[in-house]
Amino acid sequence: MSTQIKEIDNYFSIKLELIPLNMKVPCDIFIQEDGELKVILKKGEHFSLEIKNSIKYKKIDTIYVNNTDKKVFQDFILEFKPKEYFNSLLDRYIINNELFYKIEKECLDPEVPVTFSLYLHDGKSLNLLLEASEETPRRVSKENFSEGDILISKKDLNLYKEYLQSLISATKSNSKILKETTKLILREIYSEPINRKNLLILGDKIDEIIEYGTLEANALKKLLIMKKLDNYSYVHAFNVMTLCVALGLKIKLNREELRLLGLASALHDIGKINISPLILSKIGKLNEKEFQIYKTHVIESVKIAEQLGVSKDVIDGIAHHHEKLNGTGYPFNLKGEQISLFGRIIAIADAYEMLTTPKPLKYPLSPYNALMILVQDKKCYDKSLLEIFIKMLGRLI
Ligand SMILES: [Fe+2]
């Protein structure tokens, strides 16, 4: 039996490598061959190494399931390969065996021609929006952008980075481009942390944010990313970093301290990549056992930061970001002055960012209400830092 692919939205695609071996599959599995979808495994059949190798032999690395089976299939993968599946969700799209990335529409400048094609994904199907290449650059017309995500092909990711770089050189500091380029690098770091080259690029981005925050009065407002329900770890990291650098500027940290604070806040939750997404994305309260596992993300973050070879101040900032001034925090139950300055700063920014983040079945708090919660819990935070933080954000309310 085979089915012609008419619309990609009828099928959900996933990398072959993510399917656990020797398990009964919970639904029919398809592969795409000669432009057609063919059933390779029926519901309840075992996914054996033999079948896997036979698919690989055909040079196929993506399988499909019917959209009606998407939920049951995702749960199946999540149960056996949570970490790998979590990584595959970093706003990447795999469509017809090709990898696409979502980009920010606001960063496309109608004045500057793009050297890569743009696609529109309206939640259902993928359509070519603008065909362009290095040989035939094209200008973008913003009227073309209807509702949906703008995607680029993975092979064009470097051209997109160059495009953003050319916008930076052509104009003065621009919050949207600064946001997008920093997000790109954080996205890479949160999917592949052990890469020192990315860390150096992140350092440059932190410098730009410091520079921008020094020059631009409304920097904080422009840099913070408004989040939808489908938020990602690196978006949280970006916002916490922005809030920390802004607070660091207010308390007049020197350039080097700001840079280290930026690094600590960008990496504070990197260890979450080693925590099951079933816990990270659980709707409702974690039970005691789950919470114990959740808490290990701090030590996991420290381990990754140590592997990256960052300085002790950065490590301490990461290690202390869930400590509370009254000793009720974790993992070390530190008190008052035992908690490093960076740890105390990140704790405030992290708590605020979490409170203002939308979650399933939970509305985000407004900035005002989030600050009120921090004030209620003031015994947990450094008093003078909290006062400065509230004053700083008071302008946004
Ligand atoms: Fe955390």
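At what angle do the axes of helix α14 and helix α15 cross, and within what distance do they come? The axes of α14 (residues 341-355) and α15 (residues 367-376) cross at roughly 135 degrees and come within 9 Å. The model is a predicted one, in which local features need pLDDT of at least 70, side-chain atom pairs count only at pLDDT 80 or more, and totals for chains, interfaces and linings use all residues. Residues are numbered from 1 along each chain as its sequence is written.

**Overall make-up**

The protein comprises 16 helices and ten strands; these are DSSP runs numbered from the N terminus, helices being H or I with at least four residues and strands E with at least two. Of its 397 residues, 32% count as buried, that is, with 20 or more other C-beta atoms within 10 Å of their own; 12 or fewer make a residue exposed, and values in between make it partly exposed, with C-beta atoms placed from the backbone. Among contacts between residues at least 6 apart in sequence, 68% join residues at least 24 apart. A contact requires C-beta atoms, placed from the backbone, to lie within 7 Å.

**Two helix pairs**

Two packed helices are described by the angle between their axes and the distance between the axes. Axes are lines fitted to C-alpha atoms, for helices over the stretch in contact, and angles run from 0 to 180 degrees between N-to-C directions.

| Helix pair | Crossing angle | Axis distance |
|---|---|---|
| α14 and α15 | roughly 135 degrees | within 9 Å |
| α6 and α8 | about 55 degrees | 10 Å |

α14 and α15 are therefore oblique to each other; angles under 35 degrees count as roughly parallel, over 145 as roughly antiparallel, 65 to 115 as roughly perpendicular and the rest as oblique. Their crossing is right-handed, a term for a near helix turned clockwise from the far one by less than a right angle, anticlockwise being left-handed. In this pair, I348, A351, Y352 and L355 of α14 meet A370, I373 and L374 of α15. The residues of this contact divide into seven nonpolar, no polar and no charged. Here Ala, Val, Leu, Ile, Met, Phe, Trp, Tyr, Cys and Pro count as nonpolar, Asp, Glu, Lys and Arg as charged, and the others, Gly among them, as polar.

Helix α6 (residues 196-215) packs with α8 (residues 233-250) at about 55 degrees, which makes α6 oblique to α8. The crossing of α6 with α8 is right-handed. Contact is made by I209, I210, G213 and T214 of α6 and by T242, V245, A246 and L249 of α8. By class, five of these residues are nonpolar, three polar and none charged.

**Buried face of α13**

In helix α13 (residues 312-319), the buried residues are V314, I315, G317, I318 and A319. They pack against α9 (255-267), α12 (297-308) and α14.

**A strand hairpin**

Strands β3 (residues 29-33) and β4 (residues 36-41) pair in the antiparallel sense over five bridges, where pairing needs at least two DSSP bridges. F30 has V39 in β4 as its bridge partner. The two strands form a hairpin with two residues between them, and D34 in the turn has a positive phi of about 50 degrees.

K71 lies in helix α2 (residues 70-80) and counts as exposed because it has 12 C-beta neighbours inside 10 Å. Although 59 residues separate K71 from F12 in sequence, their C-alpha atoms are 9.9 Å apart. K295, in helix α11 (residues 288-295), is partly exposed, with 15 other C-beta atoms within 10 Å. Leaving aside residues up to four places away in sequence, K295 touches Y330 and P331. K295 and P331 are 36 residues apart in sequence and 7.0 Å apart in space, C-alpha to C-alpha.

How values were computed. Contact = placed C-beta atoms within 7 Å.
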